[in-house]
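Please open the model in your viewer and keep the selection tool at hand.

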Amino acid sequence: MTLQRFENEPAFLADLRADAAVRALDLPLPDRATHRFRFTEAAALLPGGACTRELLEAPVVAVDASFDVPDEAVAAGVRVLPFGQALASDLAARIGESLGEVSGMDDALLAANLAMFSAGAVVVVPDGARVEAPIVLRFRTGDGGRLSALRTLVLVGAQAKATVIEELDVPAGFGAAVTEVVLGPGATATHARLESGGPGGVAFTRAAYQVDRDASLQHVHILMPEGLVKVEAAPVIRGPGGRVEGLGMAFTAGRARADFRAVEDHAVGDSESRVTWRAVAADRSRSIFTGLLRIAPGAARSQAFEEARSLLLSKHAVAETIPELEILNHDVRCTHGAAVAPVDEEAVFFLRSRGLTRSDAYAMLVEGFVEPVLSGLPVAAMADRVRDRLRTALAAA
Amino acid sequence: MNHETNTGVAAPILEVLGLRASISGKPILNGVDLVVRPGEVHAIMGRNGSGKSTLSNVVMGHPAYVVDGGEIRYQGRDLLRMDVTERARAGIFLAFQYPVAIPGVGVAQFLRSALRAMGREVPAREFRKQLSAAFADLGIPDSFATRHVNDGFSGGEKKRLEILQMLLLQPKLALLDETDSGLDIDALRTVAAGINRAIAQGVSVVLVTHYQRILEYVRPDHVHVFLDGRVAMSGGPELATQLESRGYEWVEADAVASQAVSA
């Protein structure tokens, strides 16, 4: 099979792609009996509904990419490169150590992504480098009807600090983006993904994180699709003192569908995770949250908290908000809460009695509802963007 | 012949004529008549369930109530043809008996949005000054500005915030729905002082209460007693005092007697 996507791909990648291709073709595509895909079957995320040799060998689909790298990051020695360029640079060996290791390729979708990715970025933050300003990676997929496969690798060194924001826009056709983030000991990192897309866009994304001793990760997912998105966030705390904060929200309207799954995996104890999720579903849209807290047998003194709430703006909108627990150690503290509710009409009346129009009242209630997420976003401009989108959508409704 | 214009009496700001209203098919108001002229203070008293809160909710336009008959005219306009937002913008204000929490929305942000909605956008700095002064008047600490609206507020804090909204929004007609309930004596005085300030500014007030206590601080021009969804008795401020000593049974007995007479 011809799997090469970049010029002069290193041998490790050729091997990896070949392995991945075999798996992609051999492994059955997960159906709804597979827990991870019970709300969105994998076939819906691939053109033609199947993982075939033709798909894997299809010509590269162009992806528009643009990166904002702040001066302070450059000064601190941070490297931000398109994936192809990074492979051709001195970073190749480091990429080889981590690529596919964090996210794995246990199912056909993940294997296919590894076999065929043709765009993306590599971010390397050296040990001790501390950068406040965000690094922004923007991707926009092209060619309706075909699959654009992207891959991002973020390596944050020991005691380093960085914020990486990925914006993925899938206006039409299919997009698949897998991001792997490795935090070294004592590192502090925020990874945020903002997903948007047109009514015909279908996206599958997964962000997998490895959190070392005393490292602190914030993962952020903002889903504002007009089509379908299936998004996974999967941090694994592998060192004591590791901490993870997961923050996110989905806004869906029309017939859009957002399916978010978070798996906070405490492989070791003395670790902490906290997930806050808000979903707002309007019209005939559908919004799904499933959040698994997994505590390994040896992970004593883990603390894990999860809170997910969904707000329905229409009686035709549907939200599933499901917490899941897999706790294999007794010496832990875990709490979870989930709720789905319609808009409080008494609150709408209250706001209208203060002169607000119905749509302004809805906008205010919705913004208040997602405030616990917006106030924790790493960049204020992100929150403004979400507010703009909400206001536009609610004014149109 | 139009007496009102000829004698120089101001036209009513609110006229409620034979108003009948129900909730979930259950009749609550059974023919309410009430005329409020500009600057007047009307106290509406009555037992729980007599329909007095319903009246203020129906005038504001609460969606749960259905108007089954009668008329409401506000400044001569047919109020029932206006939606809630239009009523608010035309100068009607309702102080809620149970103010609603708006989690995630700060008090200052909410008040500024309300002012903007009323077409009274003020520059940020001026707004902060206005707000700070209003807080001070009502004994509210400045830290309120960033708290979420009514979220985790005590009963007294909620009622103070309602009065603050009234003072800031400057309505023409304020419907105060049991604003005095759940207040300790200090809070009652502060809230009453706020109401009196609005009255001094010319706001017409319909004060719904079942205690005479607030009327020691806010002097009504007229007192009406509700019974079974209609006004059973009306009078001057002395009626509140009589009610206090004779109780609502007196009004009931009187209503029965007058029915017997008319029969």
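Begin by selecting E367(A) and R391(A), whose side chains meet in a salt bridge of 2.8 Å, N to O; a salt bridge here is a side-chain nitrogen of Lys or Arg within 4 Å of a carboxyl oxygen of Asp or Glu. The pair links distant parts of the chain, 24 residues apart: E367(A) belongs to helix α8 (residues 358–374) of chain A and R391(A) to helix α9 (residues 380–396) of chain A. Helices (H or I, at least four residues) and strands (E, at least two) are DSSP runs, numbered from the N terminus. E367(A) is buried, with a relative accessible area of 8%, whereas R391(A) is partly exposed at 44%. Buried means under 20% relative accessible area, exposed over 50%, and partly exposed in between, computed with a 1.4 Å probe on protein chains only.

A note on conventions: this is a predicted model, in which local features need pLDDT of at least 70 and side-chain atom pairs count only at pLDDT 80 or more, while totals for chains, interfaces and linings use all residues. Residues are numbered from 1 along each chain as its sequence is written, chains are lettered from A and ligands numbered from 1 in the order in which they are written, and side-chain values use heavy atoms, with hydrogens and water left out.

Next, select R138(A) and D68(A), which form a salt bridge with their closest N and O atoms 2.9 Å apart. R138(A) lies in strand β4 (residues 135–141) of chain A and D68(A) in strand β1 (residues 63–68) of chain A, so the pair ties together parts that are 70 residues apart in sequence. R138(A) is partly exposed at 29% relative accessibility, and D68(A) is partly exposed at 35%.

R140(A) is partly exposed, at 41% relative accessibility.

For a network of salt bridges, select R36(A), D107(A), R206(A), K230(A), E232(A) and D259(A), which are linked in one. Over all chains, the structure holds 45 salt bridges.

**Helices α1(A) and α6(A)**

Display residues 11–26 and 108–116 of chain A, which are helices α1 and α6. Residues of α1(A), including L16(A), A20(A) and A24(A), meet residues of α6(A), among them A111(A), L114(A) and M116(A); contact means heavy atoms within 4.5 Å. The residues of this contact divide into 10 nonpolar, no polar and two charged. Ala, Val, Leu, Ile, Met, Phe, Trp, Tyr, Cys and Pro count as nonpolar, Asp, Glu, Lys and Arg as charged, and the others, Gly among them, as polar.

**Chain B**

Finish at helix α4 (residues 107–117) of chain B, where eight of the 11 residues are buried, so the helix is largely enclosed by the rest of the structure. Among the buried residues are V107(B), F110(B), L111(B) and L115(B). G119(B) follows α4(B), and its phi is positive, near 75°.

Conventions. Axes fitted to C-alpha atoms, helices over the stretch in contact; angles between N-to-C directions.
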